[in-house]
Amino acid sequence: MTPEAVRAAAVLAYQQGLCVIPPMEDGSKRPLSEWKRYQSARPSSGQMKDWYGERSGIGLITGAVSGNLECVDFDDLETYEAFVALVTAAGLDALMKRIEDGYSERTPKGVHWLWFCEEIEGNQKLARRPTLPTEKKHDNDNVKALIETRGLRAHQGRDQH
């Protein structure tokens, strides 16, 4: 996407009530700015204009600040493809298609499904495995999340996506 198309998409998401913040330009999903303050209040439209001059990505804060937006985060494509195969084998592919037709996106490593819900459950790990030695960020990094939900309840720990 061109910077103009990214800016237009960010503005549209903001106009629809989502809490939009830009990610770093290094291919990661890390936010450009200190995002904790945006867990309970959206940035101003002026801040949006300042952020979205020459950007290549859009970040969303999930949860109450974005109208109860929730996300299922598949952390890698191999896990997503295995999940799709299981859903199809269980005869639930029509439900999966309905979710993906609502909103689905590829991330640098996996897939996000986004939707609005009446009640945010908060962040939950749905699938995980032992961390491989090459993935460890520190000595106690023993579990890698493969599928998790992302949503911020108003009274709970925070998350960004």
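Predicted model: local features only at pLDDT ≥ 70, side-chain atom pairs only at ≥ 80, totals over all residues.
**Entry 1**

I began with R150, which forms a salt bridge with E148, the closest N and O atoms being 3.2 Å apart. I took a salt bridge to be a side-chain nitrogen of Lys or Arg within 4 Å of a carboxyl oxygen of Asp or Glu. Salt bridges that share partners join K125, E148 and R150 into one network. R150 is buried, with a relative accessible area of 15%, and E148 is buried as well, at 4%. Here buried means under 20% relative accessible area, exposed means over 50%, and partly exposed lies in between (1.4 Å probe, protein chains only).

Residues are numbered from 1 along each chain as its sequence is written, and side-chain values use heavy atoms, with hydrogens and water left out.

**Entry 1: the remaining charges**

I counted 5 salt bridges by the rule above. E25 forms one of them with R55, with the closest N and O atoms 3.0 Å apart. This pair links distant parts of the chain, 30 residues apart: E25 sits in the loop between β1 (19-21) and α2 (45-51), and R55 in the loop between α2 and β2 (59-61). E25 counts as partly exposed, at 43% relative accessibility, whereas R55 counts as buried at 11%.

I then looked up R129, which forms a salt bridge with E135 at 2.8 Å between the closest N and O atoms. R129 is partly exposed at 25% relative accessibility, and E135 is partly exposed at 26%.

For the whole protein I recorded 21 positive and 24 negative side chains, the centres of the two sets lying 4 Å apart. Lys and Arg count as positive and Asp and Glu as negative, with His and the chain ends not counted; each charge is placed at NZ of Lys, CZ of Arg, CG of Asp or CD of Glu.

**Entry 2: two buried loop residues**

I located D75 in the loop between β3 (69-74) and α3 (77-89). D75 is buried, with a relative accessible area of 14%. Its contacts (heavy atoms within 4.5 Å), leaving aside neighbours within four places in sequence, include K29, K109, K144 and E148.

I located Y52 in the loop between α2 and β2. Y52 is buried, at 2% relative accessible area. Beyond its neighbours within four places in sequence, Y52 is in contact with V6, R7, A10, V20, I21, P22, P23, G57, I58 and G59. I also noted 32 Å between the C-alpha atoms of Y52 and T79, which are 27 residues apart along the chain.

**Entry 3: the overall fold**

I read 4 helices and 7 strands in the protein; these are DSSP runs numbered from the N terminus, helices being H or I of at least four residues and strands E of at least two. From the N terminus on, the order is α-β-α-β-β-α-α-β-β-β-β. The radius of gyration is 16 Å, close to the 15 Å that the globule rule gives for 161 residues, so the protein is as compact as a globular protein of that length. The radius is taken over C-alpha atoms, and the rule is 2.2 Å times the number of residues to the power 0.38.

I recorded that 39% of the 161 residues count as buried. Of the contacts with a separation of 6 or more, 67% are accounted for by residues 24 or more positions apart.
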